[in-house]
Amino acid sequence: MRFEVRGTAELIAKLKAMKGAKAKAVLRKSTRAQAKVIAARAKTEWPTKSGETVRNIKVRALKRSRTRIGHTVRLQVASPTPYRSYVELGTRHMKPRGALKRTAETLGHSAVNAVLEAIEKEVL
C-alpha cells in the first residue's frame, strides 16, 4: 500500500533547500519511526501459536535510490513456517486474514501525518 502526499509545497521547498544528506537523514529517521509503529501493531494483530511468524515481521529500508527514500514493513517467508503467506493472502480453501493489510489501512494515513509532523519539526 502506498500513500502520496501532495499540497505540502512549503515543506518540500525547505527540504530541497537543505543539504542533500541532511534532508535524506530527516526523511529516513521519520519514516523508520512510523514503520516501527505499524510493525508493532501488525505483530499484535497477527494470529499466533508459536510466535515464529510475529518475530519475522520486519522493518526494512527501501533499496538505495536517487528518487525514493523510505521504509517497508515486511513479513519474511522462510522455510520453517512457509504458511505465512497463506494466512495473510488466503488460498482457494481458506479465507485471507490480512493482518498486515488491515494494519496498513488503519494506520497508514496517521503514519503519513506523523511523518510530515516530524519532518516539519526537523526542517523548521
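Visitor: What makes up this chain, in terms of helices and strands?
Guide: There are five helices and two strands in the chain. Going along the sequence, they come in the pattern α-α-α-β-β-α-α. Keep in mind that this is a predicted model.

Visitor: How much of the chain is buried?
Guide: Of the 124 residues in the chain, 31% are buried. As for the surface, the accessible area is about 9000 Å², and carbon and sulfur atoms account for 53% of it.

Visitor: Why is His 71 called buried?
Guide: The cut-off for buried is under 20% relative accessible area. His 71 has 18%, so His 71 counts as buried. You'll find His 71 in strand 2, residues 71-75.

Visitor: What makes the link between His 71 and Thr 31 a polar contact?
Guide: For that, N or O atoms have to be within 3.5 Å, with one able to donate a hydrogen and the other to accept it. The side chains of His 71 and Thr 31 make such a contact at 2.9 Å. There's also the backbone nitrogen of Arg 32, which lies 3.4 Å from a polar atom of the His 71 side chain.

Visitor: Which other residues is His 71 in contact with, leaving aside neighbours within four places in sequence?
Guide: Among them are Arg 28, Ala 35, Val 59 and Leu 62.

Visitor: What makes up the largest nonpolar core?
Guide: Eleven residues, including Trp 46, Val 54, Leu 75, Val 87 and Leu 100. Helix 2 (20-45), strand 1 (57-61) and helix 5 (99-123) are the elements that each give two or more residues to this core. Helix 2 has the largest share, with three residues. In general, nonpolar side chains tend to be buried together in soluble globular proteins.

Visitor: Which residues is Ala 39 in contact with, apart from neighbours within four places in sequence?
Guide: Ala 39 is in contact with Ile 57, Val 59 and Val 73. And there's a second, separate core of nine residues, with Leu 11, Leu 15, Ala 23 and Val 115 among them.

Visitor: What makes Glu 45 and Arg 102 a salt bridge?
Guide: Again the cut-off is 4 Å, and here the closest N and O atoms are 3.4 Å apart. This pair links distant parts of the chain, with Glu 45 in helix 2 and Arg 102 in helix 5, 57 residues apart. Arg 102 counts as partly exposed, at 36% relative accessibility. Through shared partners, the salt bridges join Arg 41, Glu 45 and Arg 102 into one network.

Definitions and conventions. Residues numbered from 1 in each chain as written. Predicted model: local features only at pLDDT ≥ 70, side-chain atom pairs only at ≥ 80, totals over all residues. Heavy atoms only, no water. Core = buried A, V, L, I, M, F, W, Y, C linked by side-chain atoms within 4.5 Å. Buried < 20%, exposed > 50% of the residue type's maximum accessible area, 1.4 Å probe, protein only. Helix = DSSP H or I, 4+ residues; strand = E, 2+ residues; numbered from the N terminus. Contact = heavy atoms within 4.5 Å. Areas by Shrake-Rupley, 256 points an atom, 1.4 Å probe, with all protein chains shown as cover. Salt bridge = Lys/Arg side-chain N within 4 Å of Asp/Glu carboxyl O.
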